Amino acid sequence: MAWSTAQIGDQSGRTVVITGANGGLGEVVTRVLAERGATVIMACRDTKKAELVAEGISGDVRPKSLDLANLASVRDFAARIGDFDVLINNAGLMNLPLKRTADGFEMQFGVNHLGHFALTNHLLPKITDRVVTVASMAHLLGRINLNDLSWKARPYSAWLAYGQSKLANLLFTSELQRRLTEAGSPLKAHA
């Protein structure tokens, strides 16, 4: 039997933070979870777009400003959020020309991995159930170049940069789960 969103049970009383909730997969997940009774915090760079999306969703959805390309924004967002159940690291950029985050990192790695890494670590004490990080088969293209994470010393490849960011997502999720287990934490990390 194929899985469908119809199998998602009642989410009443649960709060979910979703990055990139104003479009694509994030919007769909926001809509489904809100319809099932969850309070959904839509963590988005474009809050005007998030507010327009929220108007079309029945349920408790709350657009909040978060720019994963700016670590100061990540810290500010985390400071404004109370305890909640689930963090879904969904926002992402794909196949961009070379651009840099506010902190000087290659944009895809900065948003897809570093922004979510920082966000998760700031929010971890506030999460009561799980962290879900959206991955991609593009991780198969990924190679982590520790000497040049931001593509300053080698020719830039948008697809390879994206693959690196998605591989970093999976490695982070695996290590986070290992550390949670080692600490005896009931929290779960999924990709």
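The largest pocket has a volume of about 450 Å³. The model is predicted: local features need pLDDT of at least 70, side-chain atom pairs count only at pLDDT 80 or more, and totals for chains, interfaces and linings use all residues. Residues are numbered from 1 along each chain as its sequence is written, and side-chain values use heavy atoms, with hydrogens and water left out.

**Largest pocket**
- A pocket is an open set of points on a 1 Å grid over the protein atoms alone, where a 1.4 Å probe fits, with protein on both sides within 12 Å along at least five of seven lines; lining residues have an atom within 4 Å of a point.
- The lining comprises 23 residues, and Gly20, Arg45, Ala91, Gly92 and Leu93 lie nearest the centre of this pocket.
- Two or more lining residues come from each of helix H1 (24-35), strand S2 (39-44) and helix H4 (107-123).

**Second largest pocket**
- The second largest pocket holds about 270 Å³ of space.
- Trp3, Ile8, Val29, Leu33 and Ile88 are the closest to its centre among the 15 residues that line it.
- H1 supplies the largest share of this lining, five residues.

**Asp148**
- Asp148 is placed in the loop between strand S5 (127-133) and helix H5 (158-182).
- Asp148 counts as buried because its relative accessibility is 8%, buried meaning under 20% relative accessible area with a 1.4 Å probe, protein chains only.
- Beyond its neighbours within four places in sequence, Asp148 is in contact (heavy atoms within 4.5 Å) with Ala153 and Arg154.

Definitions and conventions: Helices (H or I, at least four residues) and strands (E, at least two) are DSSP runs, numbered from the N terminus. Buried means under 20% relative accessible area, exposed over 50%, partly exposed in between (1.4 Å probe, protein chains only). Grid points are joined across faces, edges and corners, and a volume is the space filled by probe spheres set on the points.
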